[in-house]
Amino acid sequence: MEILLYILAGAGVGLAVGVTGVGGGSLMTPLLLIFGFPFNVAIGTDLLYAAITKAGGAWAHKRQGTINWRLVGLLGAGSIPASIATAFLLDHAFAQASEYEHLLTSSLGIMLILTSAVLLFKSQIKAQAASNDDHNRWVHKHSSTITVIAGFLLGVFVTLSSVGAGAFCAALLLVLYPHLPAVRVVGTDIAHAVPLTLIAGLGHLILLGNVDFSLLACLLIGSLPAIHFGTKIGAKLPNKVLQPILASILLGLGIKFAFF
């Protein structure tokens with residue numbers, strides 16, 4: 001019975017991802033916590049789940065030529081070392097998982113709140129960045145350094161929360177590179193998310209033992225076909241209605257995990 005429940009959970013999240021385009025980490029980790037999984041296992045398992053489910057999207061964008069590999073490299077130069085260092089510090093600074101529970105749940109709450117804000121104000125964020133000439137000149141001058149620093153912060157928070165490699169990273173790209181075509185923002189975001197979530201997930205697995213492979217298999221069985229089906233549904237549904245509803249749910253969950 002539990003196996004069926006986890007497969008259905010994967011299907012539900014996969015369907016939501018396909019319909020709304022919101023990253024699975026924002027949905028999967030809170031769902032696993034609601035199911036009663038330990039916070040560390042939920043986050044570690046979700047990171048490997050994200051790496052596998054995003055790989056197909058990255059491959060599709062590679063074939064379409066919609067990935068800015070320079071930006072992927074800059075983001076990765078910050079995020080990959082940060083992810084490894086974060087997992088290493090968790091392993092050496094705490095004797096057991098319960099000692100860093102508050103750090104993980106608070107990080108999860110903060111990233112859910114930020115992700116919900118991105119979903120609610122993405123259009124305004126993009127318009128403001130594109131219209132601010134002073135911002136554009138300053139960012140262009142320091143773009144490489146800023147992107148590496150942004151990648152570093154993403155590496156830390158994605159490893160701690162499993163959230164942020166999708167919608168939040170895309171928002172950073174919109175702010176830093178407002179004239180980058182939307183399809184290349186998405187492609188670059190996904191291409192960077194695959195190695196980041198993979199490295200973060202392996203850190204949780206190898207150093208911290210925070211991955212449940214049986215759960216991971218169930219989630220994949222449910223979600224992979226559901227994502228494909230949800231994508232077809234999403235093309236026919238009003239995204240302007242769906243994303244604010246989802247953003248409100250994520251905001252509520254974020255407040256719960258961050259402050260309660």
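User: Which way does α3 pass α8, left-handed or right-handed?
Analyst: α3 passes α8 in a left-handed crossing. A crossing is left-handed if the near helix is turned anticlockwise from the far one by less than a right angle, and right-handed if clockwise. This is a predicted model, where local features need pLDDT of at least 70, side-chain atom pairs count only at pLDDT 80 or more, and totals for chains, interfaces and linings use all residues. Residues are numbered from 1 along each chain as its sequence is written, and side-chain values use heavy atoms, with hydrogens and water left out.

User: What angle do the axes of α3 and α8 cross at?
Analyst: Roughly 145 degrees, and the axes come within 7 Å. Axes are lines fitted to C-alpha atoms, for helices over the stretch in contact, and angles run from 0 to 180 degrees between N-to-C directions. Helix α8 covers residues 182-208.

User: And which residue classes are in that contact of α3 with α8?
Analyst: It has 16 nonpolar, eight polar and one charged residues. Ala, Val, Leu, Ile, Met, Phe, Trp, Tyr, Cys and Pro count as nonpolar, Asp, Glu, Lys and Arg as charged, and the others, Gly among them, as polar.

User: Where is Val-41?
Analyst: In helix α3, residues 39-64. Helices here are DSSP runs (H or I, at least four residues), as are strands (E, at least two), numbered from the N terminus.

User: Why does Val-41 count as buried?
Analyst: Because its relative accessibility is 15%. Buried means under 20% relative accessible area, exposed over 50%, partly exposed in between (1.4 Å probe, protein chains only).

User: What does Val-41 touch?
Analyst: Asn-210 and Asp-212, leaving aside residues up to four places away in sequence. Contact means heavy atoms within 4.5 Å. The C-alpha atoms of Val-41 and Asn-210 are separated by 4.5 Å, though the two are 169 residues apart along the chain.

User: Switching to α4. How many degrees is its angle with α8?
Analyst: About 15 degrees, with the axes 9 Å apart. That makes α4, residues 69-93, roughly parallel to α8. Angles under 35 degrees count as roughly parallel, over 145 as roughly antiparallel, 65 to 115 as roughly perpendicular and the rest as oblique. α4 passes α8 in a right-handed crossing. Their contact residues divide into 16 nonpolar, six polar and one charged.

User: What about α7 and α8, which angle do they cross at?
Analyst: Roughly 130 degrees, with axes coming within 9 Å. α7 and α8 are therefore oblique to each other. Their crossing is right-handed.

User: Which residues meet there?
Analyst: Ala-167, Cys-169, Ala-170, Leu-173 and Leu-174 in α7 meet Val-185, Thr-188, Asp-189 and His-192 in α8. By class, that is six nonpolar, two polar and one charged.

User: How many of the residues in α7 are buried?
Analyst: Seven of ten, so α7 (residues 167-176) is mostly covered. Phe-168, Ala-171 and Leu-176 are among them.

User: Next, Ser-223. Buried or exposed?
Analyst: Buried, at 0% relative accessibility. Ser-223 is in helix α9, residues 213-234. Beyond residues up to four places away in sequence, Ser-223 touches Gly-10, Ala-11, Gly-14, Tyr-49 and Thr-53.

User: Whole chain now. How many helices and strands?
Analyst: Ten helices and zero strands. Buried residues make up 51% of the 260 residues.

User: What share of contacts is between residues 24 or more positions apart?
Analyst: 84% of the contacts with a separation of 6 or more.
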